[in-house]
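This report describes one chain and its interface with a partner chain. The sequence and structure are shown first.

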Amino acid sequence: MIEKFRIHPMKILSSFIQTVKNSFILILFLFVFNFGDVSMAIKIGRVVFLLYIIIRLIFLIIDWSKTTYEINDGMIQIKRGVFQRKQNSIPLQEIQNITWSTPFYYQWFNITSLHLETSSTNESASVQLDAVKMNLAEQIEQLTTTYKTENENNIDDIDEMETEVNKLSKSDIKDNHRNVHFSPTRKEVLKASFLSFSFLGLIPIIAIGYRELDKIVNLDQQAKGLFTFLTSSWIFIVGAIFLLIILAVAFGIIQTYLKYGKYEISSDEERIFIYSGVLNEKVFSIQKANVQAIRIKQSPLKKLLHFSEIKLISAGSNEGETDDIRSLYPFLPTEKAKGLLVEILPQFPLTNAENKLPPKALYMRLLRLPWFWIIATAFIFLFKEEWWFLSPILFVTTYLSRYFTYRNTRFSWNDKSIQFRTGGLSTDIFITNRKKVIEVNVEQNIIQKKFGIATINTVNRVKPVHHGKLQDVPFSKSEQFIKWYKQRATEVRTE
Amino acid sequence: MTPTMNEPNKSISKDAIKVWRITNLIINIIMIIIGIGLIGASFYFDWYRWIQITLAVLLAIGFILSIWDIFIEPVLLQRYWRYDISSEYVQIKHGILNMKQTIMPMTKVQYVTAKQGPLLRKYQLYTLQIGTMSTSIDIPALPEQTALTLRSKIVEYAKIKEVEDL
């Protein structure tokens with residue numbers, strides 16, 4: 001239990017900085033670009049803007065003082081609002097993932113920002129504690145996890161004494177011991193910086209910087225002068241290109257280092273922890289039991305260089321989310337990735353899936369209308385007729401990729417887990433547990449029926465639902481698939 | 001083989017045909033009226049020729065499809081709709097041109113609702129919606145008695161929850 005508390009006043013400052021940051025362009029416009037201009041409109045604009053900033057600050061202070069948090073009876077209670085008091089309670093055991101983000105200036109004050117996510121799709125279902133003392137954050141994290149295990153122990157009470165004893169001795173051993181499983185070496189960070197093409201990131205920055213500067217000083221003229229100077233000798237050209245490459249590579253390495261430099265994947269009995277960030281630290285923790293499924297992804301380039309990425313699909317994460325922290329580490333050497341899986345998530349075994357698709361699946365796949373190609377072609381001929389050559393290129397790639405996807409698709413299931421392996425030039429492996437699947441379905445259209453094939457689909461409890469879909473497996477396999485799923489009743493424990 | 005291993009075998013009410021027929025009739029009439037309106041507008045405001053042709057073609061296709069929607073589809077849909085509810089699973093299987101079979105374990109069921117629109121009410125039918133945390137399945141057009149007993153049965157079965165572990 002944690003007594004009623006407010007978040008750290010740093011929150012006011014950081015929100016205020018955020019507000020100023022968001023109106024950066026406006027500030028530039030009002031106070032810098034039109035510095036000499038004292039027309040009425042600009043004057044009014046300045047006054048209105050300052051008023052807005054002051055009101056915003058007052059609002060932030062009031063909001064901060066009126067928002068309180070409290071933890072008791074296994075619930076987080078949040079009370080907020082000035083005129084309309086709003087109260088929000090979230091049961092601790094619903095919390096699935098915890099993310100700590102610590103921007104570098106938070107580190108000076110020993111505070112962090114805590115994000116607690118539940119599996120519910122409801123908006124009020126996640127708690128954002130924008131600034132809390134480190135020790136309080138630790139306390140909260142401890143509370144959410146112990147509450148869960150306590151609950152489970154209660155269920156076990158009903159079981160026989162024997163299991164109770166087992167559990168006890170087990171909990172003695174586990175003792176919150178964290179194992180570090182992976183931390184990239186300097187060489188691996190270097191490789192990651194090339195694989196992620198982060199060196200290309202310099203180009204948009206230069207372009208935007210140039211454009212913004214050009215508004216103030218006439219850069220174009222000077223750039224022209226510089227350009228004629230550079231092109232006057234090939235030594236200068238080579239030098240300039242060389243310099244640019246070095247700059248870009250350095251930029252990429254620094255950026256990648258800031259993101260993945262101090263990366264670490266660790267775990268204890270119950271949770272997985274992902275640390276990341278050099279300046280702005282971020283810690284993501286998830287209960288192993290809450291991982292619903294995993295995906296192992298390889299882009300063609302990663303495949304070539306034997307790298308892969310393991311993604312955790314959990315109830316608290318949004319499917320399309322770009323936040324990299326959901327992925328264990330995007331540039332794991334494939335061998336290491338396999339080892340990591342065995343160590344931290346043994347419930348998702350990566351087996352050698354041996355079932356292939358029947359040849360009829362290929363016919364089916366070739367028969368499907370290539371909608372993307374049709375629409376793209378229509379657009380090309382309507383708006384950019386001179387790009388006609390894109391259409392046949394797209395056509396060939398579409399069908400080639402269909403062929404390769406057909407050839408590379410594998411699937412299998414055993415008494416606990418199921419695995420789909422798809423992808424043409426890239427690879428995408430999906431593994432989930434029968435226990436974690438909340439629904440399955442089998443579909444068959446009239447042509448698939450003629451070919452004796454069907455589409456199988458697993459549904460996992462994620463926000464929004466995650467579909468593991470595999471098209472065109474033999475119909476007999478789809479029947480076995482349903483039988484396999486129905487047998488889950490024998491392995492699940494009920495409350 | 002336990003009984004739950006079987007394919008679903010219970011049918012929905014025959015009145016479903018009438019309900020779907022009326023629904024599709026109304027929808028198609030509205031669509032055709034909109035189509036005719038658009039064609040009228042295209043001539044009145046003198047739109048491009050190709051827009052007029054496209055609209056006319058679409059209307060013709062819509063007309064043909066409406067025959068399918070009103071006379072054939074409801075019959076097929078009703079004839080091949082199967083469901084089964086046991087203490088372990090909710091199962092549905094429907095469609096003959098596009099078959100789809102869904103299985104949902106009872107332990108994952110979170111809620112069950114019996115819904116009724118004006119048309120269903122006329123024939124004293126209910127649609128049963130059975131939902132988990134994030135998905136749901138509908139069993140349409142069940143006779144009132146069946147729907148309500150099924151609902152209370154599911155509520156009873158669904159009380160059992162699984163332990164979330166590895």
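## Contacts and burial within chain B

In this predicted model, 53% of the contacts in chain B between residues at least 6 apart in sequence join residues at least 24 apart. Of the 166 residues in chain B, 25% are buried.

## Secondary structure and overall extent

Chain B contains four helices and seven strands. Their order along the sequence is β-α-α-β-β-β-β-α-β-β-α. Chain B is more spread out than a compact globule, because its radius of gyration is 21 Å, well over the 15 Å that the globule rule gives for 166 residues.

Taken along the principal axes, the box filled by the C-alpha atoms of chain B is roughly 65 × 40 × 30 Å.

## The interface with chain A

Between the two chains, 26 residues of chain B are in contact with 28 residues of chain A. On the side of chain B that touches chain A, strand β4 (residues 98-105) gives the most, with eight residues. This side of chain B comprises eleven nonpolar, eight polar and seven charged residues.

Strand pairing also links the chains: strand β19 (residues 437-445) of chain A is joined to β4(B) by six bridges, and the two strands run antiparallel. Within this arrangement, Met99(B) in β4(B) has Gln444(A) standing opposite.

Key: Residues numbered from 1 in each chain as written. Chains lettered and ligands numbered in written order. Predicted model: local features only at pLDDT ≥ 70, side-chain atom pairs only at ≥ 80, totals over all residues. Contact = placed C-beta atoms within 7 Å. Nonpolar A, V, L, I, M, F, W, Y, C, P; charged D, E, K, R; others polar. Pairing = 2+ DSSP bridges. Rg over C-alpha atoms; globule rule 2.2 N^0.38 Å. Buried ≥ 20, exposed ≤ 12 C-beta atoms within 10 Å, placed from the backbone.
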